[in-house]
Amino acid sequence: INNEGPYPLLHSGKVYLAYSGGSANAFTYVVGLLTADVNADLLQANKVDAAPFEGVTIYSTPHGVFFNEYFCEANAYVNCRGIRCPPEDDPVRRDFRRVRSGNHDAFMSRGAVIGPKLINCVAEYHCDDCVNIGGKYAVVVKAEGDTFRVLADGLAAQLYPGYPAQAMSFEGSCYDVTVLAAEKDVPPTAEERKYLGGLGFWPSIGESCTRALKVRLDRRIDLQPGSVIISSRQTGNGFEIRNCRFGHNRGHGLRIQASDGVIENTVLDHVLYSGIYITMGYIWLEGSCPRNLIVTGNTVMNAWTGIAVGGKSGAQKTLPETALRDLFFKDNRFVNLSHGAMGVSGCTGVSVFGNTYENIGEGPTLSFKNCRDICTNAPASFPDWNHTTLEGRADRDRAIYAPGETMTFTIRPSGRPG
């Protein structure tokens with residue numbers, strides 16, 4: 001937008017914003033018109049592509065989330081902040097500074113075809129997670145061969161022919177599939193709604209599944225009732241988080257449920273739980289299972305733990321080794337943690353190199369469960385394995401690998417290295 005305008009007009013409950021765009025002395029000159037409801041939350045993007053949010057600061061969140069997007073593609077948030085208002089700028093005199101927020105995340109992306117870019121952003125002193133990127137699961141209530149009746153909310157219902165998807169059985173088996181057909185089905189029955197209510201979802205999550213679909217996949221798999229399916233196309237894959245600062249919150253720093261992403265040079269300080277949580281959340285019906293992530297040059301300090309990887313199935317079992325894949329952690333710094341630097345479960349292909357660890361508390365430096373193809377040069381613990389280690393030392397409760405040479409090994413489903 002150049003310096004000719006913009007000019008707002010309020011009429012019949014709407015804001016009309018006329019503006020000039022492009023170069024005023026070239027053929028690229030254009031005139032545009034933006035329209036919004038006067039009560040609209042202009043920081044909630046819905047079906048917006050490549051939108052730039054730059055230099056936006058929020059001191060309160062009457063709408064819940066600081067920055068919120070649904071069904072978007074490659075939006076960029078640059079120098080955006082959700083912080084406490086400085087006393088000198090606060091119109092109300094207060095005994096202590098605070099963010100007036102609801103019980104919500106700071107930056108949340110749901111159903112993005114390409115995930116957001118967060119560059120030089122800040123979120124501090126709010127209630128829940130700093131960043132939450134992912135999609136929503138649909139719940140299987142009936143299976144007939146390769147066809148499944150699923151219940152979903154509006155976001156999870158985005159299952160269309162030709163879309164890649166992830167499916168997870170109630171017990172935790174994971175499958176990469178393709179949707180061959182999907183059509184609306186009769187509404188959920190009272191019996192089905194009651195069944196959802198017994199699956200242990202967070203209150204109101206099951207109640208939001210008001211849509212029913214009949215979905216046919218490209219192969220027969222064992223998805224008993226309570227299993228879940230999610231579109232791999234709308235989980236925020238391709239996200240970037242660089243040079244940000246997050247913390248002083250009562251949740252996780254980053255909750256990542258998307259793939260093909262980068263987390264780089266970001267500081268997470270005074271986070272209540274995990275600095276970085278790479279996961280899927282059955283009780284929230286949030287997913288997917290992340291793959292192909294690069295986590296490098298970050299600092300996690302003053303938290304319960306540095307990085308947690310994994311999740312639980314509907315049956316509340318630790319995810320199997322096929323759930324998450326190809327995670328790379330390098331040159332990160334872990335300082336003043338209560339329960340160890342990293343805990344990884346349910347993953348194939350984990351690389352951990354060049355990280356530093358200072359005062360990491362009671363837990364092991366690294367802990368692996370239900371993992372294979374691990375490559376690291378840091379001390380590692382395997383709490384479900386019980387025999388002689390590579391050092392030739394037996395430990396009844398766990399095996400501990402000392403630092404030194406790089407070691408590559410596999411923890412098979414039985415729990416024994418191969």
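Q: Before we start, what is a salt bridge here?
A: A salt bridge is a side-chain nitrogen of Lys or Arg within 4 Å of a carboxyl oxygen of Asp or Glu. Note that this is a predicted model.

Q: Ok. How many salt bridges does that rule give?
A: The count comes to 15 salt bridges.

Q: Start with Glu 286. Which residue does Glu 286 form a salt bridge with?
A: Glu 286 pairs with Arg 110, and the closest N and O atoms are 2.9 Å apart.

Q: Are Glu 286 and Arg 110 buried or exposed?
A: Glu 286 is buried, and Arg 110 is buried too.

Q: What about Asp 129, which partner does it have in a salt bridge?
A: Arg 255 is the partner of Asp 129, with 2.9 Å between the closest N and O atoms. Asp 129 sits in the loop between β14 (122–124) and β15 (131–136), while Arg 255 is in strand β24 (residues 254–256), so this pair connects parts 126 residues apart in sequence.

Q: And why does Asp 129 count as buried?
A: Asp 129 has 3% relative accessibility, so Asp 129 is classed as buried. The cut-off for buried is under 20% relative accessible area. Arg 255, at 11% relative accessibility, counts as buried as well.

Q: What does Arg 242 meet in a salt bridge?
A: The side chain of Arg 242 meets that of Glu 264, at 2.8 Å from N to O. Arg 242 lies in strand β22 (residues 240–242) and Glu 264 in strand β25 (residues 261–264), so the parts tied together are 22 residues apart in sequence.

Q: How accessible are Arg 242 and Glu 264?
A: Arg 242 has 22% relative accessibility and counts as partly exposed. Glu 264 is partly exposed as well, with a relative accessible area of 23%.

Q: Arg 149, then. Which residues sit on each side of its strand, β17?
A: Thr 147, Arg 149 and Leu 151 are on one side, and Phe 148, Val 150 and Ala 152 are on the other; all are buried, and both faces of β17 are covered. Strand β17 covers residues 147–152, and six of its six residues are buried.

Q: How does β16 pair with β17?
A: Strand β16 (residues 138–144) pairs with β17 in the antiparallel sense, over five bridges. Glu 144 stands opposite Thr 147 in β17. The two strands form a hairpin with two residues between them, and Gly 145 in the turn has a positive phi of about 65°.

Q: And how many bridges join β17 to β20?
A: Six bridges join β17 to strand β20 (residues 211–217), and the two run antiparallel. Leu 151 stands opposite Ala 212 in β20.

Q: Which strands form the open sheet with parallel pairing?
A: Eight strands form it, in the order β6-β10-β14-β23-β26-β30-β33-β35.

Q: Which strands stand at the edges?
A: β6 (57–58) and β35 (356–358) stand there with a single partner strand each, so one side of each has no neighbour in the sheet. β35 pairs with strand β33 (residues 333–337) in the parallel sense over three bridges. Arg 333 stands opposite Thr 356 in β35.

Q: Zooming out, how many helices and strands are there?
A: The protein has one helix and 39 strands.

Q: And how many residues are there in the protein?
A: There are 418 residues, and 50% of them count as buried.

Q: Where is Lys 194?
A: Lys 194 is in helix α1 (residues 190–197). At 69% relative accessibility, Lys 194 counts as exposed.

Q: Last topic, the largest pocket. How much space lies in it?
A: About 950 Å³ of space lies in the largest pocket.

Q: Which residues lie nearest its centre?
A: Asp 128, Asn 132, Arg 255, Trp 284 and Glu 286 lie nearest the centre, out of 35 residues that line the largest pocket. The elements giving two or more residues to that lining are β8 (67–70), β12, β15 and β27 (274–279).

Q: What classes of residue does the lining have?
A: The lining of the largest pocket has 13 nonpolar, twelve polar and ten charged residues.

Definitions and conventions:
Residues numbered from 1 in each chain as written. Predicted model: local features only at pLDDT ≥ 70, side-chain atom pairs only at ≥ 80, totals over all residues. Heavy atoms only, no water. Buried < 20%, exposed > 50% of the residue type's maximum accessible area, 1.4 Å probe, protein only. Helix = DSSP H or I, 4+ residues; strand = E, 2+ residues; numbered from the N terminus. Pairing = 2+ DSSP bridges. 1 Å grid on protein atoms, 1.4 Å probe; cavity = no way out; pocket = protein on both sides within 12 Å on 5 of 7 lines; lining within 4 Å. Points joined across faces, edges and corners; volume = space filled by probe spheres on them. Nonpolar A, V, L, I, M, F, W, Y, C, P; charged D, E, K, R; others polar.
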